[in-house]
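Colleague: I have a model open and would like to learn how to read it. Could you take me through it feature by feature?

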Amino acid sequence: MKPLIVANWKMNPGSLPEAKKLFSLTKKRAVICPPFVYLAHLRANGAQDCFWEEKGAYTGEISPQMLKRLGVKYVIVGHSERRKYQKETDKIIEKKLRAVLRAGLKPILCLDKISQLPKDIKRGFVVAYEPLFAIGTGKACSPERAERMRRAIKKKVGVPVLYGGSVNSKNARDYIKKARFDGLLVGGASLKAKEFIDIIEAVC
Ligand code: PGA
């Protein structure tokens, strides 16, 4: 199967014209998760987060159903930056995971420990293993270490497992071919069109 490549733009780029340009260069071959304000303009197929209710008095929040109506297919939940800055707990993340599944969308659950897997949901989602030390640091995890974690996750849940954390065009292939991940979650390198296309070409 073709690896699943997901771009997490985080809070970038700074303007809609830049977002449109980057999107037009890379959209066809990956799931692109832009900031919410660009989603409707781009008709992107991925989102970086969502709330767990469908609608109501929840200031500042966006529901999975709203995302679905825009054509979104994948929603990242539990990214380490949300765990850190928004203080999201495993309990909150599990509520989001369930809400995304209820809406008929595919959650991408980010984690760096096996204990962060949901206890009684065994399918329907994608896991992204992202070791904390590797996120945004340029210090990617060794493929051997990453593979051990991939195997441990696969023992618990029969779902696709992505690797994320300082992926670039030089190391991307190792995570797919050596460590046998089902795809990649790419942050910083997904903001540079050429580098991101090189990553896709290295693994597909
Ligand atoms: P990075 O981010 O590729 O910049 O390390 C990955 C992520 O946070 O999803």
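Colleague: Which strands does helix 5 lie across?

Modeller: Bear in mind that this is a predicted model. Helix 5, residues 90-102, lies across strand 4 (74-77) and strand 5 (106-111). Its direction makes an angle of about 160 degrees with strand 5. Angles over 145 degrees count as roughly antiparallel.

Colleague: Now the sheet. What is the order of its strands?

Modeller: The general idea comes before the case. Strands of a sheet pair through backbone hydrogen bonds, either parallel or antiparallel. Here, eight strands form an open sheet in the order 2-1-8-7-6-5-4-3, and the pairing is parallel. Strand 2 (31-33) and strand 3 (46-47) are the edge strands, each pairing on one side only.

Colleague: How many bridges join strand 5 and strand 6?

Modeller: Four, in the parallel sense. Leu111 stands opposite Tyr129 of strand 6. Strand 6 also pairs with strand 7, again parallel, over three bridges. There, Val127 stands opposite Val161 of strand 7. Go on to strand 7 (residues 161-164) and strand 8 (residues 183-186): they pair in the parallel sense over three bridges. Gly164 has Leu185 in strand 8 as its bridge partner.

Colleague: Which way do the side chains of strand 6 point?

Modeller: In a regular strand the side chains alternate between the two faces of the sheet. Strand 6 covers residues 126-129. Val126 and Ala128 point one way, Val127 and Tyr129 the other. All four are buried.

Colleague: Take Ala128 in strand 6. Why does Ala128 count as buried?

Modeller: Ala128 has a relative accessible area of 0%, and buried means under 20%, so Ala128 qualifies. Leave aside neighbours within four places in sequence, and Ala128 is in contact with Ile108, Leu109, Cys110, Leu111, Leu162 and Leu185. For a distance check, take Pro160: 32 residues from Ala128 along the chain, with 8.5 Å between the C-alpha atoms.

Colleague: Is Leu39 buried or exposed?

Modeller: Buried, with a relative accessible area of 1%. Leu39 sits in helix 2, residues 36-42. Apart from neighbours within four places in sequence, Leu39 is in contact with Pro34, Ala44, Gly46, Ala47, Leu67, Leu70 and Val72. Gly71 is 32 residues from Leu39 in sequence, and 9.3 Å away in space, C-alpha to C-alpha.

Colleague: Next, the aromatic rings. How many aromatic pairs does a search of the whole structure find?

Modeller: Five. Read each pair by centre distance and plane angle. Phe51 and Tyr58 form a tilted pair, 4.9 Å centre to centre with 40 degrees between the planes. Phe51 is buried at 9% relative accessible area, whereas Tyr58 is partly exposed at 35%.

Tyr163 and Tyr175 form a stacked pair, with 3.9 Å between centres and 10 degrees between planes. This pair links distant parts of the chain, with Tyr163 in strand 7 and Tyr175 in helix 7 (residues 172-178), 12 residues apart.

Colleague: Are Tyr163 and Tyr175 buried or exposed?

Modeller: Both are buried. They also belong to one aromatic cluster with Tyr129 and Phe181.

Colleague: Last, helix packing. At what angle do the axes of helix 1 and helix 8 cross?

Modeller: Roughly 25 degrees, and the axes come within 10 Å. Angles under 35 degrees count as roughly parallel, so that is how helix 1 and helix 8 run to each other. Their crossing is right-handed.

Colleague: Which residues meet where helix 1 and helix 8 pack?

Modeller: Helix 1 brings Leu22, Leu25 and Thr26. Helix 8 brings Ala193, Phe196 and Ile197.

Colleague: Which residues of helix 8 are buried, and what do they pack against?

Modeller: Ala193, Phe196, Ile199, Ile200, Ala202 and Val203 are buried in helix 8. The buried residues of this helix pack against strand 1 (4-8), helix 1, strand 2, helix 7 and strand 8. Helix 7 is also where Tyr175 sits.

Definitions and conventions: Residues are numbered from 1 along each chain as its sequence is written. This is a predicted model: local features need pLDDT of at least 70, side-chain atom pairs count only at pLDDT 80 or more; totals for chains, interfaces and linings use all residues. Side-chain values use heavy atoms; hydrogens and water are left out. Two strands pair if DSSP finds at least two bridges between them. Helices (H or I, at least four residues) and strands (E, at least two) are DSSP runs, numbered from the N terminus. Contact means heavy atoms within 4.5 Å. Axes are lines fitted to C-alpha atoms, for helices over the stretch in contact, and angles run from 0 to 180 degrees between N-to-C directions. Rings of Phe, Tyr and Trp (its six-membered ring) pair if their centres lie within 6.5 Å; planes under 30 degrees apart count as stacked, over 60 as edge-to-face and the rest as tilted. Buried means under 20% relative accessible area, exposed over 50%, partly exposed in between (1.4 Å probe, protein chains only). Angles under 35 degrees count as roughly parallel, over 145 as roughly antiparallel, 65 to 115 as roughly perpendicular and the rest as oblique. A crossing is left-handed if the near helix is turned anticlockwise from the far one by less than a right angle, and right-handed if clockwise.
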